[in-house]
Amino acid sequence: MALSEKTKPPRHIAIIMDGNGRWAKQRGLPRTAGHAAGAEAFRRIANYCRTLGVEYLTVYAFSTENWKRSADEVAGIMKLLRRYLEEALRDMEKNRVRFCFFGDLSKLSPDLQELCCRARKQSEDYDVQVNFCLNYGGRDEIVQAARRFAQDVADGKRRSEELTEELLSTYLYSADVPDPELIIRPSGEKRTSNFLLWQSAYSEYVFMNVLWPDFSPADLDEAIEEYHRRNRRFGGV
Ligand code: IPE
Ligand code: IPE
Ligand code: MG
């Protein structure tokens with residue numbers, strides 16, 4: 001049965017995967033256990049998005065500000081990322097997900113950078129796209145785009161008057177990716193925390209009280225239903 005416009009999932013869903021630490025605390029577990037449960041939730045939701053026919057899933061995994069956390073916690077998150085990417089590389093044929101990475105990967109350890117690079121290259125022919133935001137910050141993304149554009153002007157490849165919203169978009173990590181229609185933030189916090197500042201200009205935000213490790217396909221259904229109840233006007237009437 002064809003899905004009507006009113007029930008069809010958005011083409012691009014973005015998620016701020018928040019609440020791992022509180023989930024662990026509630027159980028008397030170390031924060032890293034919360035991140036491990038968060039990685040499980042990601043696998044579950046990425047699979048579900050594929051079943052629904054979502055074309056792009058962008059997930060906030062580690063922000064430019066998350067380096068402020070303890071060295072132990074950061075190392076624990078990096079270890080989980082490494083494990084996840086190794087697994088993804090092994091199961092690539094089965095999952096058929098195209099991996100992209102948004103963020104300044106140069107600050108990650110060389111082995112993690114290498115894993116990201118291999119995951120991107122080996123999956124480039126698949127079509128469901130997961131954009132992993134690693135050492136990502138919305139402001140940082142705009143700064144690096146401005147810097148690259150300025151360099152192109154200095155090199156004589158561009159003129160400053162040429163710059164439009166469309167052209168600037170091509171300098172962002174998200175070049176070629178449509179803006180997300182829906183951005184979900186679980187955990188009860190109601191802020192963007194530097195996520196997709198440019199791309200979210202007209203996104204619908206859904207804030208939910210569930211903690212990310214508990215996030216289920218039913219929660220995603222609920223967020224999509226809420227999205228369909230919104231009246232998107234884009235500044236019109
Ligand atoms: C999100 O969960 C994961 C990362 C930011 C890496 P948190 O670790 O922020 O969990 P809370 O917000 O402390 O509960
Ligand atoms: C946002 O969550 C970053 C990720 C989920 C990766 P944070 O937990 O870092 O955000 P704040 O500190 O609550 O704003
Ligand atoms: Mg948090």
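Analyst: Let's start with a pair of helices: the axes of helix H3 (residues 71–90) and helix H5 (residues 110–122) cross at roughly 30° and come within 10 Å. Keep in mind that this is a predicted model.

User: How do I read that, and what does the angle make H3 relative to H5?

Analyst: Two packed helices are described by the angle between their axes and the distance between the axes. Here the angle makes H3 roughly parallel to H5, because angles under 35 degrees count as roughly parallel. The crossing of H3 and H5 is left-handed. On the H3 side, the contact includes Met 78, Leu 81 and Leu 85, and on the H5 side it includes Leu 112, Leu 115 and Ala 119. By class, the residues of this contact are 8 nonpolar, 1 polar and 4 charged.

User: At what angle do helix H2 and helix H8 pack?

Analyst: Helix H2 (residues 31–52) packs with helix H8 (residues 217–229) at about 55°, and their axes are 10 Å apart. That makes H2 oblique to H8. The crossing of H2 and H8 is right-handed. Among the residues that make the contact are Ile 45 and Tyr 48 of H2, and Leu 220 and Ile 224 of H8. This contact has 7 nonpolar, no polar and 2 charged residues.

User: What does the side chain of Asn 135 reach?

Analyst: The side chain reaches the backbone oxygen of Asp 104 at 2.8 Å. Beyond its neighbours within four places in sequence, Asn 135 is in contact with residues including Phe 62, Trp 67 and Lys 107.

Definitions and conventions
Residues are numbered from 1 along each chain as its sequence is written. Chains are lettered from A and ligands numbered from 1 in the order in which they are written. This is a predicted model: local features need pLDDT of at least 70, side-chain atom pairs count only at pLDDT 80 or more; totals for chains, interfaces and linings use all residues. Side-chain values use heavy atoms; hydrogens and water are left out. Axes are lines fitted to C-alpha atoms, for helices over the stretch in contact, and angles run from 0 to 180 degrees between N-to-C directions. Helices (H or I, at least four residues) and strands (E, at least two) are DSSP runs, numbered from the N terminus. Angles under 35 degrees count as roughly parallel, over 145 as roughly antiparallel, 65 to 115 as roughly perpendicular and the rest as oblique. A crossing is left-handed if the near helix is turned anticlockwise from the far one by less than a right angle, and right-handed if clockwise. Contact means heavy atoms within 4.5 Å. Ala, Val, Leu, Ile, Met, Phe, Trp, Tyr, Cys and Pro count as nonpolar, Asp, Glu, Lys and Arg as charged, and the others, Gly among them, as polar. A polar contact is a pair of N or O atoms within 3.5 Å; within protein, one must be able to donate a hydrogen and the other to accept it, and residues adjacent in sequence count only if both atoms are side-chain atoms.
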